[in-house]
Amino acid sequence: YKLSVAPEMDIMEYCRKEWRGNTPVAKRMRKGYEAVAQKFASIRRVRGDNYCALRATLFQALSQAAQLPRCLQSEDFTMLPENLLSKYDWIKQWQLKQKLGRKMGEISDEIKEYLMLLRKKWKNISEIKSPIEKQEACDKLFKNEEEEYSLYEALKFLMLNTAIELYNDDKNGRRVPVFSWLLFARDTSSNPCQLMHNHLNHIGHSGGLEQVEMFLLAYTLQYTIQVYRLYKYSTDEFVTLYPNDPEEDWPVVTLITEDDRHYNIPVRMCQETML
C-alpha cells in the first residue's frame with residue numbers, strides 16, 4: 001500500500017528541507033511556515049494527485065469528527081442518485097472511477113455504494129472517543145486505496161447535489177451565497193450539467209479543485225475550510241476561509257498550500273493556541 005497522508009514531521013524542519021534558497025519566493029515561504037508554526041507544531045504531507053484537496057479536507061474532517069455532517073444524515077440519503085437521475089438525465093454521463101475487472105453496473109447503484117461507504121466510515125470514526133484511536137482509524141482508512149477513492153467519488157456526487165440545489169434556489173429567487181453566482185458565472189459551468197461535464201468529472205482524473213469549488217466542498221460538508229496560502233504571506237489572503245462568512249457552528253478544518261493546487265495538513269495545535 002501507499003500511505004496517502006505521510007506521518008507527521010516538524011513543520012520548520014519540513015520548511016528548511018523544502019525551501020533552502022534565498023530567492024524572494026523561498027523567503028516568503030519560510031515566513032509563511034514560521035507563521036503557521038506559531039499555531040501548529042507538525043505537518044503531514046498529502047499525496048499529490050488530483051484528489052489532493054478532497055483528500056486533505058476529508059482526512060482533517062474525519063480526524064476530528066464527532067458526528068455525521070448534515071449532508072449524510074437525511075433518511076433518504078441513499079436514494080439521492082436515483083432521485084437525481086430521475087430528474088436529470090444528463091447525470092448518466094457522470095464519470096465513475098474505473099474499477100478493475102468489474103463491469104459497469106447501474107450508475108446509481110455504484111454511487112449509492114460509495115455514499116453508503118462514506119456514511120459508514122464517518123459514523124464509525126466519529127464514534128471513537130480516544131483521539132489516538134481515532135487517528136489510527138483515519139490512517140488505516142487512508143491506506144486502503146480502493147475505499148479511499150470511493151469516498152472521493154461520494155464527495156464529488158454530494159457536491160453536484162449541492163450545486164443543483166443552489167442553482168435551483170437562485171432560479172426560484174431564493175437567497176444563495178455569493179460563491180454560487182461565481183460558480184455559475186464561469187463560461188465552463190453556467191449550469192449544473194456543465195459543471196459536471198467540465199469540472200466535477202475531471203476532479204481526480206485530469207484536474208483538481210479550483211478556488212470556487214473549494215467553497216462548494218465546504219458548503220456541501222458544512223465545514224469551514226481554513227487555508228494558509230503561503231505564497232500570499234503578508235497579504236490579507238494569507239489565511240483564507242471557505243466560505244468566507246461561515247456559520248458559527250460549523251466545525252473548522254485547517255490546510256496549508258504553497259500554490260492553491262497542492263494541499264498539506266498542519267497538525268498538533270500548539271498548547272497556547274488551544275487556550
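# Exercises: salt bridges, an active site and a strand

A search through the whole structure turns up 17 salt bridges (a side-chain nitrogen of Lys or Arg within 4 Å of a carboxyl oxygen of Asp or Glu). Before you start: this is a predicted model, where local features need pLDDT of at least 70 and side-chain atom pairs count only at pLDDT 80 or more, while totals for chains, interfaces and linings use all residues. Residues are numbered from 1 along each chain as its sequence is written, and side-chain values use heavy atoms, with hydrogens and water left out.

## Exercise 1

Work out where the partners Arg45 and Glu18 sit in the chain.

Step 1. Check the pair: the closest N and O atoms of Arg45 and Glu18 are 3.5 Å apart, and the two form a salt bridge.

Step 2. Arg45 is in the loop between β2 (40-44) and α3 (52-63), and Glu18 is in helix α1 (residues 11-18), so to speak 27 residues away. Here helices (H or I, at least four residues) and strands (E, at least two) are DSSP runs, numbered from the N terminus.

Step 3. Look at the cover. Arg45 has 38% relative accessibility and counts as partly exposed; buried means under 20% relative accessible area, exposed over 50%, and partly exposed in between (1.4 Å probe, protein chains only). Glu18, at 35%, is partly exposed too.

## Exercise 2

Find out which parts of the chain Arg55 and Glu148 tie together.

Step 1. These two form a salt bridge, with their closest N and O atoms 2.7 Å apart.

Step 2. Arg55 lies in helix α3 and Glu148 in helix α7 (residues 145-171), so the bridge ties together parts that are 93 residues apart in sequence.

Step 3. Now the cover: both Arg55 and Glu148 are buried.

## Exercise 3

Which residues does UniProt list under "active site", and where do they lie?

Step 1. The unreviewed UniProt entry puts this feature at Asp49, Cys52 and His262. UniProt positions are given in the numbering used here, feature names are shortened, and annotations may be inferred rather than shown by experiment.

Step 2. The three span 214 residues in sequence, yet no two of their C-alpha atoms are more than 8.2 Å apart, so they gather at one spot.

Step 3. Take Asp49, in the loop between β2 and α3. Asp49 is partly exposed, at 26% relative accessible area. Leaving aside neighbours within four places in sequence, Asp49 is in contact (heavy atoms within 4.5 Å) with Arg55 and Tyr149.

Step 4. Cys52 sits in helix α3 and is buried, at 1% relative accessibility. Beyond its neighbours within four places in sequence, the contacts of Cys52 include His262 and Tyr263.

## Exercise 4

Describe how strand β6 is covered and paired.

Step 1. Strand β6 covers residues 263-269, and five of its seven residues are buried.

Step 2. β2 and β6 run antiparallel and are joined by four bridges; two strands pair if DSSP finds at least two bridges between them. Phe40, for example, has Met269 in β6 as its bridge partner.

Step 3. On to strand β5 (residues 252-257), which pairs with β6 in the antiparallel sense over two bridges. Thr257 has Tyr263 as its bridge partner in β6.

Step 4. Finish with the turn: β5 and β6 form a hairpin with five residues between them, and Asp260 in the turn has a positive phi of about 65°.
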